[in-house]
Amino acid sequence: MSISEAQRADITQARAASNQTRRPTVPALEEVLFEPLQVLDHGFVRVIDYMGDDNAIVQAARVSYGRGTTHPSDDRSLIRYLVRHRHSSPLEMAEIKLHVKLPIFAARQWIRHRTANVNEYSARYSIMDREFYLPDPQQLAAQSKTNRQGRADQPLSPEQAQAVLDLLREDAERCYDHYEEMLNEDDQGLRRRPEDPQLARELARMNLTLNFYTQWYWKVDLHNLLHFLTLRSDSHAQYEIRVYAEVIGQLVERWVPAAWGAFRDYRLEAASLSRQELQCVKQLLRDGTLDLKIMGEMTQREQREFREKLGLVTLGKEPK
Ligand SMILES: Cc1cc2nc3c(=O)[nH]c(=O)nc-3n(C[C@H](O)[C@H](O)[C@H](O)COP(=O)(O)OP(=O)(O)OC[C@H]3O[C@@H](n4cnc5c(N)ncnc54)[C@H](O)[C@@H]3O)c2cc1C
């Protein structure tokens, strides 16, 4: 993770400051407030601000006047009920603002989540850093044969991985060299080569490769954040965005532990069943046989996914 001395000084100063407030705060999240948590080789996630806690969800659900008078276990049960039944608006009362540094190709996936507020670093206004993502060799794998959108389980051999990394590094370095050449600008903003033009930053940036890092502030409410985490923590999501979702998940657990627990139980580590799947499960439990007629209504892929949901290679006894 590359944080300059000046940026580190800003973070240290922000972390040393303390403000008085009547609003509820969450000590576990305050502990990591402003601190960059490393993701990938140069990326990070840091919490800039947040509003609300588990109690804010309960307060909103009850439209109450204060911090609540009921027993904490009632509050936890209420949060679990809300998450279980997708009664989402009380969860929209809690919000978090993150500063994220991520490769451009991951940002392209992330930005598809429209229910957040974003302000991205402007490469029209500022100069991009010479910072690009190079995967860990373990993450370099061939195209998957079963999943057109993914990579195979087996990593490339060390020699093949090295060759790929060399290409990625050379391309990114060369593109950045040309970017600098087109900008024709030194640290003070003066021309390096007085006879040549200084191409506008908004144009010079267009040759940079997708593994260059960008940054943004991203503000989202808890309901939409959990939706983001459902999609991007999933094994079908690309590794490079999944690792961000994992770090954010840890932050959410610090911030709203009761909501996080309910989310894990009812969404993240849960599974939904189709009508056919439910019928099959009922029959399996009843007499240990499979309804082949119902199974026949499912595609091969659905059947495979059904097995995965149940953690099974085979599905019970075939009917006689
Ligand atoms: C594994 C994976 C693979 C993907 N592959 C591709 C791909 O190949 N190509 C591609 O283009 N995208 C792809 N996506 C992106 C995906 O289709 C969604 O755009 C993205 O995940 C954002 O989800 P969302 O719309 O639910 O989230 P948000 O934009 O945050 O929206 C949250 C919810 O709000 C509602 N909502 C938001 N905006 C609208 C609207 N305009 N109209 C109606 N309802 C709305 C919907 O209920 C939505 O679920 C992929 C996503 C994943 C996780």
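**Close-ups of a predicted model**

**View 1. Around Leu229.** Skipping its neighbours within four places in sequence, Leu229 is in contact (heavy atoms within 4.5 Å) with Asp234, Ala245, Ile248, Gly249, Val252, Trp260, Phe263 and Leu268. This is a predicted model, where local features need pLDDT of at least 70 and side-chain atom pairs count only at pLDDT 80 or more, while totals for chains, interfaces and linings use all residues. Residues are numbered from 1 along each chain as its sequence is written, and side-chain values use heavy atoms, with hydrogens and water left out.

**View 2. The largest nonpolar core.** Leu229 turns up again here, listed with Trp110, Leu222, Leu225, Tyr244 and Trp255 as having the most contacts inside this core of 54 residues. A nonpolar core is a set of buried Ala, Val, Leu, Ile, Met, Phe, Trp, Tyr and Cys residues joined through side-chain atoms within 4.5 Å; buried means under 20% relative accessible area, with a 1.4 Å probe and protein chains only. Helix α9 (residues 239–255) supplies the largest share, nine residues. Helices are DSSP runs (H or I, at least four residues), numbered from the N terminus.

**View 3. Helix α3 against helix α4.** Helix α3 (residues 54–62) packs on helix α4 (residues 72–84) at about 75°, with their axes 10 Å apart. Axes are lines fitted to C-alpha atoms over the stretch in contact, and angles run from 0 to 180 degrees between N-to-C directions. The α3 and α4 pair is therefore roughly perpendicular, the label for 65 to 115 degrees. On the α3 side, Asp54, Asn55, Ile57, Val58, Ala61 and Arg62 meet Asp74, Asp75, Leu78, Ile79 and Leu82 of α4.

Methods. Buried means under 20% relative accessible area, exposed over 50%, partly exposed in between (1.4 Å probe, protein chains only). Helices (H or I, at least four residues) and strands (E, at least two) are DSSP runs, numbered from the N terminus. Angles under 35 degrees count as roughly parallel, over 145 as roughly antiparallel, 65 to 115 as roughly perpendicular and the rest as oblique.
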